[in-house]
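Work through the exercises below with the sequence and the model at hand. Each task is followed by a stepwise solution.

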Amino acid sequence: MNKKDAKRGKPDMSVLKRIIGSLRHYYPVLLPVIMACIIFSAVASAVPAVFVQKVITVIEEWTVSGNWEAAKPVIVKYLTMLVGLYVLSIASTTLYNQLMAYMTQGFLKHMRVEMFDKMQNLPVSFFDRNKHGDIMSYYTNDVDTIRQLVSQVLPSMLQASIVVTAVLIIMLYYSVWLTLAVVIGVIAMLMVSGRVGGGSAKYFIKQQKSIARTEGFAQEMMNGQKVIKVFNHESAAEKDFDKVNEELFHDSFRAHAYANSLGPIIMNIGNLLYVFVATLGGVLMVLGAKNASISGMALGVSVLVPFLNMTRQFTGSVNQVSQQINAIVMGMAGAGRIFSVIDSEPETDDGYVTLVNAEIGPDGEITETEKRTEKWAWKHPHHDGTVTYTELKGDVRMTDVDFSYVEGKEVLHGVSVFAEPGQKIAFVGATGAGKTTITNLINRFYDIADGKIRYDGININKIKKSDLRRSLGLVLQDTNLFTGTVMENIRYGRLEATDEECIEAAKLAGAHEFITRLPEGYATELNNNGSNLSQGQRQLIAIARASVADPPVMILDEATSSIDTRTEALVQAGMDKLMENRTVFIIAHRLSTVMNSDVIMVLDHGRIIERGSHEKLIEEQGTYYRLYTGAFELE
């Protein structure tokens, strides 16, 4: 939504144009059919006044002439036409409501797909900046406001505008003076509607944001219930929620206070207008009957009765449009939030070096192949049209890397890391020292400010991100399991993996034994991030998932932190097998998990202050020695 319009409480019309444009794009045939039905239904609701006037005129003539036989067929004719028109109107309304429901739900499906697909291509920084609850609000609350806008508000406004136009033409045909009085009254209604509706619009926009904050807070609290209870923070959580909820209450109250007052105001203005038109019409009837000189202004009962009905219909349509202002504002606010996600800059990827299956001959010659060979190579096209292949060995080198998440606040300072193929590199340091940041840069979740990162001698900026990440296995401290079976969660590491390969990976990770004890073994359904498993069991499945991916480079970020000491001893043997012939980056607080690493790097405030093997660092008796002997503890 345009910032100026949002600040003033005005809907951004470009959002509405975009919605209509999207509807035309997805439903180029269906949309005109729906519009035609709406137009016919609207016209059909305005035309009956003409038939009523004709019937009353015939009845007046009959009362004067007394010739019922002549009047009867004419009355039957008009009444039959009127009934037929209503039947067609009902059929048309039913049809467009059915088609509208189909089109609306289809449009929302397309929008959700477009938004979800876009989120898959957004950088990690987007999810760091936005709470999960706020993101979920896009798919629930904001999508629902668009549903109301598309399925109810737009058809209603189109129908009302057509009714107003048709009725206005008919009213002008019968009486210019009475029509002028109606128009003046309607202008007053619109002025009041604009003032009151404008006041509510800005609060409806605020309400949308408050709802997202409230949903985000509630989800965060539900996810952290155990922590809240352990630390007896129930009262503090309630106070924080009350604060967020209070903001939502005030924004919603102000919005609906304006909105709810609009209907009665407009309705009473319409009632006053009705009385005024009836009175004016009666005066014109009397004056016209007594003074022939103003007969041009005279009215008959046959005109005044349907005219009063049209007045009610005219003001009712205007009131209907006024009542939709708030839904328009909410719908556009929701659509604006969704479009802001869809229009977000995707994760940039200028890489052109790709990862391919390869066969390597005795002389070292590399040949690309379609079949899985357990060997990989980097396919590097050049400007002259030639292509070279580099075997993927897992040689990762960072040279003088500087990095900051926020400009001006560097997290890494001149970091250099050299990991030869098959080496195990361990990072040790206090929280915030920069350990996880280094692995984030290897994955290219973020791009470096200065320095170089090379993978098998290739600048990683040249490697396509999807291929780069396919060559890396990642096991995080915070496990993420998905709704589905245990087998499906393990297979997530490589979707084409067979059941046997998944089971073998589970055995390697030490997870097979507990999985077989589950109610349905590998077919056991997991939900809510595997809440029916212990934290250690979830971590073992995550390790198995990385194992089945079989990547040449593995990143273990506190991978065994959630496993008890006994389980860790059982898993370590499997982990050692998992790490065989791979380049491995290990982040750990437990020094027992890094002792057998080829190189241990100690970080402090984004700088590597020590590096070497366990034995070498013990000999130097520096920071690592003090950590190992317990003279110094990590924070």
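**Exercise 1.** Determine which residues form the nonpolar patch on the surface, and which helix gives the most to it.

Solution. The structure is a predicted model: local features need pLDDT of at least 70, side-chain atom pairs count only at pLDDT 80 or more, and totals for chains, interfaces and linings use all residues. Residues are numbered from 1 along each chain as its sequence is written, and side-chain values use heavy atoms, without hydrogens and water.

- Step 1. The patch consists of Leu-172, Val-176, Trp-177, Leu-180 and Ile-184, which together have about 510 Å² of accessible area (Shrake-Rupley method, 1.4 Å probe, only the protein chains shown counting as cover for residues).
- Step 2. Patch residues have over 30% relative accessible area and no salt bridge; nonpolar side chains (Val, Leu, Ile, Met, Phe, Trp, Tyr) are joined within 5 Å, like charges within 9 Å. A salt bridge is a Lys or Arg side-chain nitrogen within 4 Å of an Asp or Glu carboxyl oxygen.
- Step 3. Helix H8 (residues 176-223) contributes four residues, the most to the patch. Helices are DSSP runs of H or I, at least four residues, numbered from the N terminus.

**Exercise 2.** Classify Val-176 and Pro-48 as buried or exposed.

Solution.

- Step 1. Buried means under 20% relative accessible area, exposed over 50%, partly exposed in between (1.4 Å probe, protein chains only).
- Step 2. Val-176, in helix H8, has 54% relative accessibility and is therefore exposed.
- Step 3. Pro-48, in helix H4 (residues 48-65), is buried because its relative accessibility is 4%.

Note on methods: Helices (H or I, at least four residues) and strands (E, at least two) are DSSP runs, numbered from the N terminus.
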